[in-house]
Amino acid sequence: MMMPVTPKVKVQTEDFDAGAESGLLTSGRKDVGALVSFTGLCRDEAGTLSALELEHYPGMAEGELTRIAQQAIARWPLTGLTVIHRHGKIPPGDNIVLVIAASSHRRAAFEAADFLMDYLKTRAPFWKKEHLAEGGTGTWVDAKDGDDKDAARWT
């Protein structure tokens with residue numbers, strides 16, 4: 001019988017260490033057969049972007065990420081789950097989001113991580129504003145139709 005999994009969910013300004021977070025899910029464990037991680041990074045959009053500013057609705061963002069994580073735990077036999085999302089001004093090349101799914105088997109870990117990212121992109125209350133390399137603030141970034149299509153795969 002699997003032990004109940006409590007997801008680690010954090011929204012923070014500070015950077016994260018994906019390797020250290022992976023180690024926390026596997027250290028001393030013999031029931032983890034697969035660990036799938038996704039790290040989302042800030043792009044420079046072909047040199048036009050100096051930073052991406054992420055805003056969130058405090059409390060609501062953590063709550064929604066926790067709900068999404070709990071949906072993944074209910075759907076797949078996971079042994080651990082971590083979701084970390086940064087907010088604030090993030091320069092190109094820096095980390096934005098980390099999802100790590102641990103399971104006894106690879107398919108569950110892959111699918112849970114994929115599901116989490118699809119739902120995070122469409123349901124979590126985060127907003128992105130571009131800061132342009134040439135100076136000034138760009139526009140708020142609109143949601144992409146492809147993100148909704150990706151999330152629809154899971155219903």
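**Figure 1. Asp 118 in helix 3 of the predicted model.** Asp 118 is situated in helix 3, which spans residues 106–123; helices (H or I, at least four residues) and strands (E, at least two) are DSSP runs numbered from the N terminus. This is a predicted model, in which local features need pLDDT of at least 70 and side-chain atom pairs count only at pLDDT 80 or more, while totals for chains, interfaces and linings use all residues. Residues are numbered from 1 along each chain as its sequence is written, and side-chain values use heavy atoms, with hydrogens and water left out. Asp 118 counts as buried because its relative accessibility is 9% (buried, under 20% relative accessible area; exposed, over 50%; partly exposed, in between; 1.4 Å probe, protein chains only). Leaving aside residues up to four places away in sequence, Asp 118 touches Asp 150, Ala 151, Arg 153 and Trp 154 (contact, heavy atoms within 4.5 Å).

Figure 2. The largest pocket holds about 870 Å³ of space. A pocket is an open set of points on a 1 Å grid over the protein atoms alone, where a 1.4 Å probe fits, with protein on both sides within 12 Å along at least five of seven lines; lining residues have an atom within 4 Å of a point. Grid points are joined across faces, edges and corners, and the volume is the space filled by probe spheres set on the points. The lining comprises 35 residues, and Leu 120, Lys 121, Lys 128, Lys 144 and Asp 147 lie nearest the centre of the pocket. Elements giving two or more residues to this lining are strand 2 (34–41), strand 3 (49–56), strand 6 (95–103), helix 3, strand 7 (126–132) and helix 4 (145–152). Helix 3 gives the most, with nine residues.

Figure 3. Four strands form an open sheet in the order 1-4-6-2, with mixed pairing; two strands pair if DSSP finds at least two bridges between them. Strand 1 (8–12) and strand 2 are at the edges with a single partner strand each, so one side of each has no neighbour in the sheet. Strand 1 pairs with strand 4 (residues 78–86) in the parallel sense over five bridges, and Lys 8 stands opposite Thr 82 in strand 4. Helix 1 (residues 18–26) lies across strand 1, strand 2, strand 4 and strand 6, and runs at about 20 degrees to strand 6. Helix 3 also packs on the sheet, touching strand 2, strand 4 and strand 6, and its direction makes about 150 degrees with that of strand 6. Axes are lines fitted to C-alpha atoms, for helices over the stretch in contact, and angles run from 0 to 180 degrees between N-to-C directions.

**Figure 4. Glu 45 and Ala 46 in the loop between strand 2 and strand 3****.** Most residues other than glycine have a negative phi. Glu 45 has a positive phi near 50 degrees and is partly exposed, with a relative accessible area of 33%. Ala 46 has a positive phi near 60 degrees; at a relative accessible area of 79%, Ala 46 is exposed.

Figure 5. Strand 7 and strand 8 run antiparallel and are joined by two bridges. The bridge partner of Lys 129 is Trp 140 in strand 8.
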